[in-house]
Amino acid sequence: MPKKIMVVDDDPDIVDYLINVFEDHGYLTCRASDGLTAFDVAMAEKPDLITLDLEMPHEWGPRFYRRLTQEEQFSDIPVIVISGLSGIHLAIKRAVATIKKPFDPTDVIEIVRKALGDADD
């Protein structure tokens, strides 16, 4: 069964782009445009991995991630931070990767595959 990736970003163009990249590589997807909505989407959709922007309206990325990982089922969910902010590698210490915008989709897919154990080693 394909793994599911949740894309959390307030820029609809980035969300659409990442969704297309992931679906083109056989992943299921879901989306949210801010941290508050993302929590509800995660609970309903049960993603296997999250790509997360940091700076969003209502609730910023690290706060959402902290709140989500307090739920037992999400305590170890891999997260990839994708942001235009500087110092992003410090925002979520448990992130499997931090990617600065603009990004190369090939790099994103490679990181996703490794994080989900789908890498061709």
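Begin the tour at Pro105, which is partly exposed because its relative accessible area is 23%; in these terms, buried means under 20% relative accessible area, exposed over 50%, and partly exposed in between, with a 1.4 Å probe and protein chains only. Before going further, note that this is a predicted model, in which local features need pLDDT of at least 70 and side-chain atom pairs count only at pLDDT 80 or more, while totals for chains, interfaces and linings use all residues. Residues are numbered from 1 along each chain as its sequence is written, and side-chain values use heavy atoms, with hydrogens and water left out.

**Stop 1**

With Pro105 selected, colour helix H4, the element in which Pro105 lies. Helices (H or I, at least four residues) and strands (E, at least two) are DSSP runs, numbered from the N terminus. Contact means heavy atoms within 4.5 Å.

**Stop 2: helices H1 and H4**

Select residues 12-24 for helix H1 and residues 105-116 for helix H4; the two pack at an angle of about 60 degrees, with their axes 11 Å apart. Axes are lines fitted to C-alpha atoms, for helices over the stretch in contact, and angles run from 0 to 180 degrees between N-to-C directions. H1 and H4 are therefore oblique to each other. Angles under 35 degrees count as roughly parallel, over 145 as roughly antiparallel, 65 to 115 as roughly perpendicular and the rest as oblique.

The crossing of H1 with H4 is right-handed. A crossing is right-handed if the near helix is turned clockwise from the far one by less than a right angle, and left-handed if anticlockwise. Display the side chains that make the contact: Tyr17, Leu18, Val21 and Phe22 from H1, and Pro105, Val108, Ile109 and Val112 from H4. These residues divide into 8 nonpolar, no polar and no charged. Here Ala, Val, Leu, Ile, Met, Phe, Trp, Tyr, Cys and Pro count as nonpolar, Asp, Glu, Lys and Arg as charged, and the others, Gly among them, as polar.

**Stop 3: helices H2 and H3**

Turn now to H2 and H3, which pack at an angle of about 30 degrees with their axes 9 Å apart. H2 is therefore roughly parallel to H3. This crossing, too, is described as right-handed. To see the contact, select Gly35, Leu36, Ala38, Phe39, Ala42 and Met43 of H2 together with Phe64, Arg67 and Leu68 of H3. The contact residues divide into 7 nonpolar, 1 polar and 1 charged.

**Stop 4: Asp53**

Select Asp53, in the loop between strand E3 (49-52) and helix H3 (61-69). UniProt, in an unreviewed entry, lists Asp53 for "modified residue: 4-aspartylphosphate"; such annotations may be inferred rather than shown by experiment. Is Asp53 buried or exposed? Asp53 counts as buried, because its relative accessibility is 4%. Apart from neighbours within four places in sequence, the residues in contact with Asp53 are Val8, Asp9, Asp10, Gly61, Ile82, Ser83 and Lys101.

**Stop 5: backbone features**

Most residues other than glycine have a negative phi, and most peptide bonds are trans. From Lys101, step to Pro102: a cis peptide bond joins the two, with omega about -10 degrees. Pro102 is placed in the loop between strand E5 (97-100) and H4.

Lys46, in the loop between helix H2 (35-45) and E3, has a positive phi of about 55 degrees although it is not a glycine. Lys46 counts as partly exposed because its relative accessibility is 43%. His58, in the loop between E3 and H3, also has a positive phi, near 75 degrees. At 64% relative accessibility, His58 counts as exposed.

**Stop 6: Ser75**

Finish at Ser75, in the loop between H3 and strand E4 (79-83). Ser75 is partly exposed, at 26% relative accessible area. Show Thr69 and Arg94, with which Ser75 is in contact once neighbours within four places in sequence are left aside. Tyr65 lies 10 residues from Ser75 in sequence and 9.6 Å away in space, C-alpha to C-alpha.
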